[in-house]
Amino acid sequence: MRDAVTSLIKNYDVTGRYLDRNAMDSLKAYYESGTARIAAAAIINANSPDIVRKAGIQLFEEIPELIRPGGNAYTTRRYSACLRDMDYYLRYASYALVAGDPDVLDERVLQGLRETYNSLGVPIGPTVRGIQIMKEMIKEMVTEAGINDPSFVDEPFDHMTRELSEISV
Ligand SMILES: CCC1=C(C)/C(=C/C2=NC(=C\c3[nH]c(/C=C4\NC(=O)[C@H](C)[C@H]4CC)c(C)c3CCC(=O)O)/C(CCC(=O)O)=C2C)NC1=O
C-alpha cells in the first residue's frame, strides 16, 4: 500500500534519480493539500452511515428496477449487500484521500472485483452511479465546511469508476 510520498520515491528510485524540481512540486502540492484531505476524511467519518443511506435512496430512486423483482438489489439480502458495497467504497475512498494515492483502492478493493460482479450479475453502470452520487454528496459537504476547492475529492471516486468501467473480460 503506497501513499503520494512513497509512490514518488519509488518512481525516482527505479531510475536512480535525485528528487528534482517536478518531485518537489508534487510533494509541495501533497503537503499543502494535507489539511483539506484530513478534513474530508473527518467529514466522511462523521457522516458515513448517512452518506451511504442517502446515496442508496437516491440510486434506487434513479434506477428503481434494481430493487424490483429481477433486479440485482432485490431481496433484503442483496439490498444490504449493495449498501455494504457502497460503504466499502466510501471507507476506502477516505483512506485514499488521506494517502493522496489510489494504490490502496487497487490493492484492497478493485482487485478481482469486476470478475466477481460479472459472475454475480451485479450491474457495473449503476454501481458506478452509486459511487458518483457519494462523491457529489461529499464535495458538497466539504465545500460547506469552508474548503474552497473540493476537486481533490474526485480522485479516488473517479479512480474506482474508471477501473470498474473497463471493458470486462
Ligand atoms: C472491501 C472490498 C470488497 C468489495 C468491493 C466487495 C464486493 C462484493 N460485493 C458482492 C456482492 C454484491 N454486491 C451487490 C451490489 C449491488 N447490486 C446492485 O444492483 C447495485 C448496483 C449494487 C450496489 C450499489 C449485490 C446485490 C451483491 C450480492 C449479489 C448476490 O449475492 O447475488 C460480493 C460477493 C460476495 C458477497 O456477497 O459478499 C463481493 C465480494 N467485497 C469486498 O470484500
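Q: Where do Tyr92 and Tyr95 lie, and how many residues apart are they?
A: Let's sort out the word helix before we place them. Helices are DSSP runs (H or I, at least four residues), strands are DSSP runs of E with at least two, and both are numbered from the N terminus. In this case, Tyr92 and Tyr95 both sit in helix H4, three residues apart, which is about one turn of the helix. Keep in mind that this is a predicted model, with residues numbered from 1 along each chain as its sequence is written. Local features need pLDDT of at least 70 and side-chain atom pairs count only at pLDDT 80 or more, while totals for chains, interfaces and linings use all residues, and side-chain values use heavy atoms, leaving out hydrogens and water.

Q: How many helices and strands does the protein have?
A: Eight helices and zero strands. Going along the sequence, the pattern reads α-α-α-α-α-α-α-α. As for overall dimensions, the C-alpha atoms fill a box of roughly 60 × 40 × 20 Å, taken along the principal axes.

Q: Back to those tyrosines: how many aromatic pairs are there, and what kind do Tyr92 and Tyr95 form?
A: A pair of aromatic rings is described by the distance of the centres and the angle of the planes. The rule looks at rings of Phe, Tyr and Trp (its six-membered ring) and pairs them if their centres lie within 6.5 Å; planes under 30 degrees apart count as stacked, over 60 as edge-to-face and the rest as tilted. That gives three aromatic pairs here. One of them joins Tyr92 and Tyr95, edge-to-face, with 5.3 Å centre to centre and 80° between the planes.

Q: Is Tyr92 buried or exposed?
A: Buried means under 20% relative accessible area, exposed means over 50%, and partly exposed is in between (1.4 Å probe, protein chains only). Tyr92 has 15% relative accessibility, so Tyr92 counts as buried. For the whole protein, 43% of the 169 residues count as buried.

Q: Which residue lies over the face of Tyr12?
A: The idea is that a charge sits over a ring if NZ of Lys or CZ of Arg is within 6 Å of the ring centre and within 35 degrees of the ring normal. Here that residue is Arg17, at 4.1 Å from the ring centre of Tyr12.

Q: What is the volume of the largest pocket, and which residues lie nearest its centre?
A: Picture a 1 Å grid over the protein atoms alone: a cavity is a set of points where a 1.4 Å probe fits but cannot get out, and a pocket is an open set with protein on both sides within 12 Å along at least five of seven lines; lining residues have an atom within 4 Å of a point. Points are joined across faces, edges and corners, and a volume is the space filled by probe spheres set on them. The largest pocket comes to about 520 Å³. Its lining has 25 residues, with Ala81, Arg84, Asp85, Tyr117 and Val122 nearest the centre. Helices H3 (34-62), H4, H5 (103-110), H6 (113-120) and H7 (124-144) each give two or more residues to that lining. H4 provides the largest share, ten residues.

Q: Where does UniProt place the feature "binding site"?
A: UniProt positions are given in the numbering used here, feature names are shortened, and annotations may be inferred rather than shown by experiment. The unreviewed entry puts "binding site" at Asn72, Arg77 and Cys82. The lining of the largest pocket takes in Asn72, Arg77 and Cys82. Arg77 lies in helix H4, and Arg77 is exposed at 61%. Cys82 is also found in H4, but Cys82 is partly exposed at 21%. Asn72 belongs to the loop between H3 and H4 and is partly exposed at 22%. The unreviewed UniProt entry also gives Asn72 the feature "modified residue: N4-methylasparagine".

Q: And how many cavities of 30 Å³ or more does the structure hold?
A: One. The largest cavity is lined by Arg37, Ala96, Leu97, Asp101, Pro102, Glu155 and Pro156. Helix H4 (76-99) and helix H8 (154-165) are the elements that give two or more residues to this lining. Its residues divide into four nonpolar, no polar and three charged.

Methods: Nonpolar A, V, L, I, M, F, W, Y, C, P; charged D, E, K, R; others polar.
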